[in-house]
Amino acid sequence: MKKIICIFLFCSVALTSQAQFIDTLQAAIERKGTVAFSFNTRDSYIGNNYANIFGFMIGVCFGKKFTIGGGYNTLSSPIYETQNIEGDAIRAKLNFSYLSYFVEYTVNLTSHWEVDIPVFIGIGSSSYQYTLNNKLIDESSKVILPLEPQVELDYNFNKYWGLSTQVGYRFMLINNDLLTYNFNSVTYSVGLSISPFEIYASLFPRTKLAKMIESND
């Protein structure tokens with residue numbers, strides 16, 4: 001009997017939480033969307049090599065709760081592999097870049113703390129690149145498909161800037177089997193977060209874009 005009651009209570013809480021999430025999401029989408037734009041860097045590993053990924057994202061945010069959009073990501077730290085090309089040892093640089101599409105849900109814990117839960121799925125390519133006879137050669141290029149769920153914890157001092165900590169994982173749904181690297185990796189970052197649109201709205205409050213930003217606060 002106790003087990004039945006516990007199961008009933010658990011299901012009730014789960015259904016209530018799901019209903020609250022759907023209601024919050026629906027209310028956010030019904031609000032007028034504003035443009036969201038950000039740069040970010042995150043640390044990870046490719047094989048045994050440290051790999052910093054630089055990315056930028058642009059999207060539409062609804063009610064500061066739900067954001068959808070896309071972006072571009074690329075390996076910014078150099079990783080080299082020695083290749084035997086026509087009898088010569090040539091250092092080839094690893095290329096790893098992709099377009100990504102994402103959805104993000106934001107949970108406001110307090111007036112300063114918030115949790116962001118983004119999920120990215122991308123499509124791009126990885127390859128070796130080197131110069132031979134003054135020509136850039138792209139070797140062993142193949143399509144890749146990464147999936148990156150993340151969790152980000154932010155502390156906002158005010159609406160202009162704050163601190164953020166992110167952790168996630170990069171799953172390669174489709175990998176380049178022509179390369180010897182393992183691209184699956186934990187991703188993480190700690191840094192300063194800045195809201196350029198909020199800063200713009202405070203500097204130019206009479207512009208149309210500023211009024212759109214302020215109306216969504």
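**Entry 1: the ground rules.** I call it a contact when heavy atoms lie within 4.5 Å. With that rule I looked at contacts in the protein chain between residues at least 6 apart in sequence, and 57% of them join residues at least 24 apart. I noted that this is a predicted model, where local features need pLDDT of at least 70, side-chain atom pairs count only at pLDDT 80 or more, and totals for chains, interfaces and linings use all residues. Residues are numbered from 1 along each chain as its sequence is written, and side-chain values use heavy atoms, with hydrogens and water left out.

**Entry 2: the whole chain.** I looked up helices (DSSP runs of H or I, at least four residues) and strands (DSSP runs of E, at least two), both numbered from the N terminus. The protein chain has three helices and nine strands. Read from the N terminus, the order is α-β-β-β-β-β-β-β-β-β-α-α. Next I checked cover: buried means under 20% relative accessible area, exposed means over 50%, and partly exposed is in between, with a 1.4 Å probe and protein chains only. Of the 217 residues, 35% count as buried. The chain exposes about 13100 Å², and carbon and sulfur atoms supply 64% of that; the area comes from the Shrake-Rupley method with a 1.4 Å probe, and for residues only the protein chains shown count as cover.

**Entry 3: inside.** I looked for a nonpolar core, which is a set of buried Ala, Val, Leu, Ile, Met, Phe, Trp, Tyr and Cys residues joined through side-chain atoms within 4.5 Å. The largest one has 19 residues, and those touching the most other members are Ile-46, Leu-75, Ile-79, Leu-94, Phe-96, Tyr-181 and Phe-183. Strands β2, β5 and β6 each supply at least two residues of this core, and β5 gives the most, with five. I then picked Leu-75: leaving aside residues up to four places away in sequence, its contacts include Ile-46, Ala-51, Leu-94 and Phe-96.

Entry 4: Is Ala-51 buried or exposed? Ala-51 counts as buried because its relative accessible area is 0%. I found Ala-51 in strand β2. Beyond four places in sequence, Ala-51 touches Arg-42, Tyr-45, Leu-75 and Ile-79, among others. Ala-51 and Ser-76 are 25 residues apart in sequence, yet 7.4 Å apart in space, C-alpha to C-alpha.

**Entry 5: charged pairs.** Side chains of opposite charge can pair when their charged atoms come close. I counted a salt bridge when a side-chain nitrogen of Lys or Arg is within 4 Å of a carboxyl oxygen of Asp or Glu. The count comes to two. In one, Glu-148 meets Arg-42 at 3.2 Å, N to O. This pair links β7 (residues 135-156) with β1 (residues 33-46), 106 residues apart. Glu-148 and Arg-42 are both buried. In the other, Asp-177 pairs with Lys-142, the closest N and O atoms being 2.7 Å apart. Asp-177 is exposed, at 59% relative accessible area, while Lys-142 is partly exposed, at 34%.

Entry 6: I ended with a nonpolar surface patch of about 1100 Å², whose members include Phe-39, Tyr-101, Leu-173 and Ile-174. Patch residues have over 30% relative accessible area and no salt bridge; like charges are joined within 9 Å, and nonpolar side chains (Val, Leu, Ile, Met, Phe, Trp, Tyr) within 5 Å. Strand β8 gives the most to this patch, with three residues. Ile-174 lies in β8 and counts as partly exposed because its relative accessibility is 42%.
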